[in-house]
Amino acid sequence: MRYLSDILEGVAFTELQGSADVEISAVVFDSRQVVPGCMFVAVKGTAVDGHDYIDQAIKDGAIAIICEELPAHTAAEVDFLMVADSAKALATLAANFYENPSSNLKLVGVTGTNGKTTIATLLYKLFRDMGYKCGLLSTVENQVNGRIIPSTHTTPDPVALNKLLADMVNEGCDYCFMEVSSHAIAQHRIDGLVFSGGIFSNLTHDHLDYHKTFDSYLKAKKAFFDHLPKSAFALTNSDDKNGNVMLQNTSAHKKTYGLKSMADYKARIIENQFGGLLLNIDNEEVWFKLVGTFNAYNLLAVYSAALLLEQDKSKVLVSLSKLTGAEGRFEYIVAPNKVIGIVDYAHTPDAVQNVLSTIHDIRKGSEKVITVIGCGGDRDKTKRPVMAKVATESSDKVILTSDNPRTEDPAQIIKDMEEGIDPAFKRHTVSIVDRREAIKTACMLAQPGDIILLAGKGHEKYQEINGVKNHFDDMEELQEQFKMMS
């Protein structure tokens, strides 16, 4: 329980009806979660307006209402506060309710199009391996010092986010490493948090269904760095053309990492194979278990951040060399007949290009590459033809299939993808709507030594069709097919 006056600290409200001297049992913005004695924040969402549920929230026991527009009739026993932006206010209110947990540990945010999950997960594993209590907030899962909490969003809503951070503080965590999505930045989910550092991986085509333009997408990412405090570090990829843009207006301590350009932290790839990477990292040769150029960047980002968090260089490299990456990120298995299967979360054109480039870099000779790929429904349609173009131009055979069609017709999604295929590559491409059949077909086509890439779903254990999540696991399907190979 917290007094309303304490929860309102730092919130600019234009009108207050009632007394701030009441105790609040919870802060909620979903009317279905209202409990007696709570504060209900009426947020205007993309599909639902919380203002339409104020009366219901009061009936269910809410004693304080935060809103942008006062209802026509206000109850005398309920406090009403009007603000300019409820979503922005919610983040501060949630942080205050949970006693600003981010200020009681070192919180590091990772943003960018690709690599967020791997960087955050590796940082979490690294610091745990070095003896620290830590928290993780990621697309795959959330963890509070080893205790797993299922993840529903890349970055949780402000209430869930601050509750998780409070749990970490209560369990004595020293650090929290979290993915910061562009949606979360634009929707003010991370407002009110105190970051000790921010990391930028890269920026490529994604989420234009939400941001509309690439410039808006870039500005959302940049806003994260713009708001970092002077006490924090801002670490960016100097090899990405947008890397320095992130640093333009930040007050944080600016640092860079890179493989090609001038940077504060440098690395060079010596060997790149299915067994791992040999890197020269700050003049030290170290073997890592991760594979591919994109993971060289991820490892370098983690190494750089650890040094900025004042860790010992030698200890960091020793621990980092032992670690594996996040689930569903370039995970591979080998069939009895030596066919190699790779499961990867690549669901943007650049990510697909990266994983296929990695496969070409490390394959030994004439092995064929067979790619199974789809695009999600109710998401950015502009990337569909581009994804198919990239896949067909860098694979020997491509099978277009379903990947969470959601409420869309999966056959139409595949047609959208086919628009991007050059006529020269169409004879190497087939379309199979059923993903299970697509994977089975890929395995039937593969000869000993060939490489099958299942792109898009990675760690996901479901296929979402018409609002229903049906169990589906690319790795399980691959393992089942590989059992039958000899």
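Predicted model: local features only at pLDDT ≥ 70, side-chain atom pairs only at ≥ 80, totals over all residues.
Start with the cysteines. The count of disulfides is zero. Select C67: the nearest cysteine sulfur belongs to C38, and that one is 14 Å away. C67 itself is buried, at a relative accessible area of 0%.

Next, the charged side chains.

Select helix α5, residues 158-170, and pick out K163 and D167, which sit four residues apart, about one turn of the helix. They form a salt bridge, with the closest N and O atoms 3.5 Å apart. K163 is partly exposed, at 40% relative accessibility.

Move on to helix α8, residues 214-226. Here D215 and K219 are also four residues apart, about one turn of the helix, and their side chains meet in a salt bridge at 3.1 Å, N to O. D215 counts as partly exposed, at 41%.

Now select R406 and E464, a salt bridge whose closest N and O atoms are 3.9 Å apart. This one links distant parts of the chain, 58 residues apart: R406 is in the loop between β22 and α14, while E464 is in strand β25. R406 is buried at 12% relative accessible area, and E464 is buried at 17%.

For the last stop, select K381, R384, E408 and D416 together: salt bridges link them in a network.

Methods. Residues numbered from 1 in each chain as written. Heavy atoms only, no water. Disulfide = S-S within 2.5 Å. Buried < 20%, exposed > 50% of the residue type's maximum accessible area, 1.4 Å probe, protein only. Salt bridge = Lys/Arg side-chain N within 4 Å of Asp/Glu carboxyl O. Helix = DSSP H or I, 4+ residues; strand = E, 2+ residues; numbered from the N terminus.
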